[in-house]
Amino acid sequence: MTLEVELGELAVDIAREAGELARTRRQQGVRLAATKSTLADIVTEADREVEALIRERLRTARPSDGFLGEESGAEAGDSGITWVVDPIDGTVNYAYGIPAYNVSIAAVRGEPDPRTWEALAAAVHAPAVGETFRAARGHGAWLDGTRLAVTEVTAAGALLATGFGYDPATHDGDLATVRRVMPIARDLRRMGSAALDLAYVAAGRLDGYFERGLQPWDIAAGSLLVTEAGGAVTRTDAEAARPLLIAGGVQVHARLVKILVEKNPD
Ligand code: IPD
Ligand code: CA
């Protein structure tokens, strides 16, 4: 077994256990723990508890690896591998009882920085719907037993997804971005979970996805799913406060880059 596959299996096992914990806590009732960057940016007690479980499982299985989690921060390791974790991606869905939330776990080589890291393995597990998306570098992307492949745009246009940040001050700009891409869209989705948006691109359930201001844990696992399913992912304006992530099948990705980056450099 290659290192990538081994890390991928570990990510899947832990994501499923963590997902069960999140689902159980959801059934027991969601308790808000705090707000973060804005009032809309919430963290529940379950986010923290689930991340603690993942961190503990990884520490036991791979004590030399580093860790970067949304809720509990970073810890350097000495193996060259770091786990990048979002315990609950789609927290607002989770709080409202919408099933589109997931546990997202990736192993990356190098600094835990999306500008330079090499993603090795990924798991995105959506416990409320019982789906586990996984990828290992060089070994493809899978939804349970099915190998995933991105789609290409049809004559009817691309089914696109996007997301909006929690800061109301950014909404006008994000809506202007939506307006620019609508000419190539058959329709647009806003599901509320970046990792699932990326997993759905990998699975051919979406043709493309774009969003500004995502954090490393939002994109680490999902981006590997897309590239291992034959798609492309670009992160532009990497030095800016709100980098733009564009993902899709090769043609749709290229069209989005042309519209959002080349024609309208920010
Ligand atoms: C959020 C979700 C959402 C995206 C936000 C993310 P969180 O992650 O992925 O879809 O639009 O930008 O912050 O807060 O639910 O982990
Ligand atoms: Ca989260």
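## Helix H4 against helix H7

In this predicted model, Thr-177, Arg-180 and Val-181 of helix H4 meet Leu-256, Ile-259 and Leu-260 of helix H7, where a contact means heavy atoms within 4.5 Å and where helices (H or I, at least four residues) and strands (E, at least two) are DSSP runs numbered from the N terminus. H4 covers residues 171–181 and H7 covers residues 250–262, and the two pack at an angle of about 130 degrees with their axes 10 Å apart. That angle makes H4 oblique to H7, because angles under 35 degrees count as roughly parallel, over 145 as roughly antiparallel, 65 to 115 as roughly perpendicular and the rest as oblique. The axes are lines fitted to C-alpha atoms, for helices over the stretch in contact, and the angles run from 0 to 180 degrees between N-to-C directions.

## Helix H5 beside helix H6

The axes of H5 and H6 come within 8 Å and cross at roughly 0 degrees, which makes H5 roughly parallel to H6. On the H5 side the residues that meet H6 are Ala-194, Ala-195, Leu-198, Ala-199, Val-201 and Ala-202, and their partners in H6 are Asp-218, Ile-219, Gly-222, Ser-223, Leu-225 and Val-226.

## Two nonpolar cores

A nonpolar core is a set of buried Ala, Val, Leu, Ile, Met, Phe, Trp, Tyr and Cys residues joined through side-chain atoms within 4.5 Å; buried means under 20% relative accessible area, exposed over 50%, and partly exposed in between, with a 1.4 Å probe and protein chains only. The largest such core has 39 residues, of which Val-124, Phe-133, Tyr-209 and Leu-225 touch the most other members. Among the elements that give two or more residues to this core are strand S7 (118–126), strand S8 (131–136), helix H5 (194–202) and helix H6 (216–228), and the largest share, eight residues, comes from H5.

Leaving out residues up to four places away in sequence, Val-124 touches residues including Phe-133, Ala-195, Leu-196, Ala-199 and Leu-225. A second, separate core of 27 residues includes Ala-11, Ile-14, Ala-15 and Ile-88.

Glu-70 lies in the loop between strand S3 (66–69) and strand S4 (73–75), while Asp-86 lies in strand S5 (residues 81–89), 16 residues apart. Glu-70 counts as partly exposed, at 23% relative accessibility, whereas Asp-86, at 1%, counts as buried.

## Two single residues

Arg-26 lies in helix H1 (residues 3–28) and is partly exposed at 23% relative accessibility.

Asp-144 is found in the loop between S9 and strand S10 (146–147), and its phi is near 50 degrees, a positive value in a residue other than glycine. Most residues other than glycine have a negative phi.

## How to read the values

Residues are numbered from 1 along each chain as its sequence is written, and chains are lettered from A and ligands numbered from 1 in the order in which they are written. Local features need pLDDT of at least 70 and side-chain atom pairs count only at pLDDT 80 or more, while totals for chains, interfaces and linings use all residues, and side-chain values use heavy atoms, with hydrogens and water left out.
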